[in-house]
Amino acid sequence: MSGDTIHLYTLERLTSANRCLSFTPHWMSYAMPRILQWSITVALAGFLFGFDTAVISGADTSLQSQWGLSDLMHGLVIMSMALWGTVIGAIFGNWPTDHFGRRATLIGIGILYLVSALGSALATDPYLFSFFRLLGGLGVGASSVAAPIYISEIAPRERRGALVGLYQFNVVFGIVIAFVSNYFIGFMDGENWRWMLGVEAVPAALYLLMICKVPRSPRWLILKRNDEAAAAEIIRLINPKADIAEEIAIIRGTESEESAKQHTRLFAWRYRLPILFAFLIAAFNQLSGINFIIYYAPRILAEAQLESSAALLSTAGIGVINLVFTMLGMSLIDKLGRRTLILIGSAGYLLSLCLIAWAFHLEDFSAMGGYGVPILLGVFIAAHAMSQGTVIWVFISEIFPNKVRAMGQSFGSSVHWIFAALIALLMPTILSQFSGGPVFAFFAFMMLLQLIFVLFFMPETKGVSLEELQGRLVRPTRREQAAALEPQSR
């Protein structure tokens with residue numbers, strides 16, 4: 001029997017028996033305090049992600065007036081530079097994640113955040129400022145690749161959703177803290193924008209000190225460095241009761257000898273399902289209209305004479321609702337499952353978006369004393385936070401095989417950020433041509449398509465090990481199928 005056949009039959013036998021292809025079949029045997037500590041530390045990259053993304057809002061008008069920039073230059077050089085850095089970081093974040101490791105990449109991300117915060121605060125001209133904001137954006141994009149992967153690879157399958165969800169929670173928490181920080185620093189005299197941006201150096205430095213104490217991913221050590229001894233030590237820390245030889249064999253059993261020798265390509269026919277699912281979940285995340293709501297809703301609500309309530313919703317309201325319902329989503333993701341949360345969120349999306357579109361179509365904003373539309377926007381934010389907001393990074397980090405997980409995470413993250421950038425670029429032009437009705441109706445239609453995807457195509461990954469998911473989602477090549485049938489013909 002060939003080596004390929006042995007590996008395929010090993011995986012097939014384990015999958016069909018529904019055995020746990022993680023470090024143990026019972027999560028209670030894991031060293032959960034240690035795993036939680038590592039997961040929280042890694043998820044702090046998400047806190048810096050959220051803080052770095054939101055903190056610029058407090059410095060918006062001050063920077064434009066200080067350097068006398070036109071609206072176009074202000075948008076391109078100051079406000080959007082971090083976003084384009086994020087796109088670049090997401091596209092290429094898989095390379096350091098695979099070549100240098102998950103932990104090394106996370107350390108590099110911390111350095112980018114620290115240099116970006118200090119450089120932006122001390123910048124003497126808009127071009128130097130945009131360069132340091134670009135560095136911060138690279139950190140944001142790369143963190144959306146490396147952090148979810150690392151946590152998914154050390155977490156027990158029964159707690160993987162909540163632990164990876166810590167990343168999204170920290171993103172939202174970082175946004176809220178940035179708003180609070182900007183509020184208090186705003187009372188300072190002089191160039192207070194420098195303090196707004198520079199204060200990020202404090203959590204960035206703390207993160208750097210903490211992340212250095214996190215171990216490397218055992219799956220990366222085995223599959224990328226062939227270092228079973230180092231991996232065995234970490235597996236033993238994660239689960240003291242684990243059968244080390246068996247766990248290493250299970251991880252190695254996911255790759256045939258032939259595929260292990262070949263150059264890894266993400267866009268291969270065998271990975272078509274994970275690629276399709278990652279693309280759809282990431283695209284629908286932005287086609288829900290979440291960034292449009294956060295960035296442009298105040299402009300639309302001004303048409304309904306709701307400027308004050310819109311401003312409140314855009315800052316404190318959005319932040320609090322987002323945080324509370326992200327926590328709710330984290331508490332439910334390993335109980336109800338990823339697919340169920342997206343179903344619930346789709347219903348909330350459709351209800352809120354359709355009613356808002358109808359209100360703008362009728363130009364009637366008198367419901368609930370004039371607060372109907374802001375309340376519906378709150379429903380939208382809640383639906384997003386507990387569904388797509390909680391699920392996206394968890395789901396993408398789960399569905400790709402060990403060998404191409406970093407590339408798959410990078411692909412899904414890139415799709416997410418490219419759609420976010422396109423919406424940010426196109427929406428001002430669209431809003432100059434259309435009222436809020438058609439825009440909200442478009443997003444509602446996209447959420448109807450998401451509902452169809454979830455109902456008929458999206459797999460449930462709750463409680464399934466990464467290796468078993470690979471067995472379900474990855475389609476073997478014809479040669480591998482023939483090798484699997486070979487013993488039957490004998």
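Author: Start with ring pairs. Rings of Phe, Tyr and Trp (its six-membered ring) pair if their centres lie within 6.5 Å; planes under 30 degrees apart count as stacked, over 60 as edge-to-face, and the rest as tilted. Here, such pairs join F292, F360, F440, F442 and F443 into a cluster. This is a predicted model, where local features need pLDDT of at least 70, side-chain atom pairs count only at pLDDT 80 or more, and totals for chains, interfaces and linings use all residues. Residues are numbered from 1 along each chain as its sequence is written, and side-chain values use heavy atoms, without hydrogens and water.

Reader: How many aromatic pairs does a search of the whole structure find?

Author: The search finds 22. Take W67 and W193: their ring centres are 5.6 Å apart and their planes stand at 65 degrees, so this pair is edge-to-face. The two residues lie 126 residues apart, with W67 in helix α2 (residues 32-67) and W193 in helix α9 (residues 192-198). Helices (H or I, at least four residues) are DSSP runs, numbered from the N terminus.

Reader: Are W67 and W193 buried or exposed?

Author: Buried means under 20% relative accessible area, exposed over 50%, and partly exposed in between (1.4 Å probe, protein chains only). W67 and W193 are both buried. W95 is partly exposed, because its relative accessibility is 45%. The rings of W95 and F100 also pair: with centres 5.2 Å apart and planes at 80 degrees, the pair is edge-to-face.

Reader: Which residues have the most contacts inside the largest nonpolar core?

Author: A nonpolar core is a set of buried Ala, Val, Leu, Ile, Met, Phe, Trp, Tyr and Cys residues joined through side-chain atoms within 4.5 Å. The largest one has 126 residues, and L106, F129, F292 and F440 have the most contacts inside it. Helix α2 gives the most to this core, 16 residues.

Reader: What is Q450 in contact with, beyond its neighbours within four places in sequence?

Author: Contact means heavy atoms within 4.5 Å. Q450 touches F284, I342, S346, Y349 and Q388 in that sense. Q450 sits in helix α22 (residues 436-456). Its relative accessible area is 1%, so Q450 is buried.

Reader: Where is confidence lowest in the chain?

Author: pLDDT is the predictor's confidence in each residue, from 0 to 100. Helix α1 (residues 3-16) is lowest, at a mean of 41, while helix α10 (residues 201-211) is highest, at 97. The chain's mean is 84, and 83% of its residues reach 70 or more.
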